[in-house]
Amino acid sequence: RAVESSSLLILLPNSNTLHRNLRSFSSLLARVRVGCAMAAAAVALSNGSGGGGDSKAEFAEIYSRLKEEMLEDPAFEFTDESLQWIERMLDYNVLGGKCNRGLSVIDSYKTLKGVDVLRKEETFLACTLGWCIEWLQAYFLVLDDIMDNSQTRRGQPCWFRVPQVGLIAVNDGIILRNHISRILQRHFRGKPYYVDLIDLFNEVEFKTASGQLLDLITTHEGEKDLTKYNLNVHRRIVQYKTAYYSFYLPVACALLLSGENLDNFGDVKNILVEMGTYFQVQDDYLDCFGDPESIGKIGTDIEDYKCSWLVVQALEHADESQKGILLVSAI
């Protein structure tokens, strides 16, 4: 037995090598888990199939709790009329979508933990972060519809087009964004990753708002000269306007819940942003060819001179004669 033990020791690496190998193996496992989480998020967002039946039911239940907390927030003395307004505004704008972004937090977190069922507290925290993303989405959409002068959203009139709402919707958007900070403070302030969560949401919001600015001011140029549109311009707009908050944010939230440091997952961010770019290309196509009854909105990209995937591809493949027809049609 002594001979066997000594022979075995010869086969084992020294401690430094063993530690390096263990670190490499742990890093590999982390990358595999994150890759699975990314795949789950991508499938959920692209196919509209985020979360199983149980996850969706749990997710919906948490919304009611969070809404009630917002309506009972002691930071402001709400009147009965203002409470009714906020409750109606929340239900109108936060609900009604597929909730794929929010559900992707739960799917990603389960994958990272390697479990099918989360503990009650874990479920609540994952659902809460998922709803924070849905609140962020509602905030973006309320303001985006005003800027684009859109008609419908999720199969109903845009919020600012609802009678007696009008430009009050601008302030409603601000309230939606502030709710996120209130929710994070209430439920995550004691967590070791609380500051990272705040930084993450602030960073993603900045990127999205900057992408929206690029989108808006680029249309001014496109209205005068469509030839300024190209793939690089389109990619920059959609990466910042859509990809970060739609694909990266859900997985990043799950990573923080799992105790990971986001600085170690730069490649993950890059891949997710690529996924988000592809997702927006699909959305650009549906804006023109999608049935409003199915996609829930009337597309206005062409009328708004948007630098969308379709016009970029048309300019990329058209000959000079065809470009002339396209440019005349746009005037």
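**Exercise 1. Describe how helix H5 and helix H6 pack in this predicted model**.

Step 1: locate the helices. H5 covers residues 100–113 and H6 covers residues 120–148; helices here are DSSP runs of H or I with at least four residues, and strands are E runs of at least two, numbered from the N terminus.

Step 2: read the geometry. The two axes come within 7 Å and cross at roughly 145 degrees. Axes are lines fitted to C-alpha atoms over the stretch in contact, with angles from 0 to 180 degrees between N-to-C directions. The crossing is right-handed, that is, the near helix is turned clockwise from the far one by less than a right angle.

Step 3: list the contact (heavy atoms within 4.5 Å). H5 contributes residues including Val 105, Ile 106 and Tyr 109, while H6 contributes, among them, Ala 126, Leu 129 and Ile 133.

A note on the numbers: residues count from 1 along each chain as its sequence is written, and side-chain values use heavy atoms, without hydrogens or water. As the model is predicted, local features need pLDDT of at least 70 and side-chain atom pairs pLDDT 80 or more, whereas totals for chains, interfaces and linings use all residues.

**Exercise 2. Now try helix H9 against helix H10**.

Step 1: H9 spans residues 231–257 and H10 spans residues 266–289. Their axes lie 7 Å apart, at an angle of about 115 degrees.

Step 2: H9 passes H10 in a right-handed crossing. Among the residues in contact are Tyr 244 and Phe 247 of H9, and Leu 272 and Phe 279 of H10.

Step 3: The charged end of Lys 207 sits over the Tyr 244 ring, 5.2 Å from its centre (the test is NZ of Lys or CZ of Arg within 6 Å of the centre and within 35 degrees of the ring normal).

**Exercise 3. Which kind of aromatic pair do Trp 85 and Trp 159 form**?

Step 1: recall the rule. Rings of Phe, Tyr and Trp (its six-membered ring) pair with centres within 6.5 Å; planes under 30 degrees apart are stacked, over 60 edge-to-face, and the rest tilted. The whole structure has 14 such pairs.

Step 2: apply the rule. The centres are 6.0 Å apart and the planes stand at 70 degrees, so the pair is edge-to-face.

Step 3: check exposure (buried is under 20% relative accessible area, exposed over 50%, partly exposed in between, with a 1.4 Å probe and protein chains only). Trp 85 is partly exposed at 24%, whereas Trp 159 is buried at 3%.
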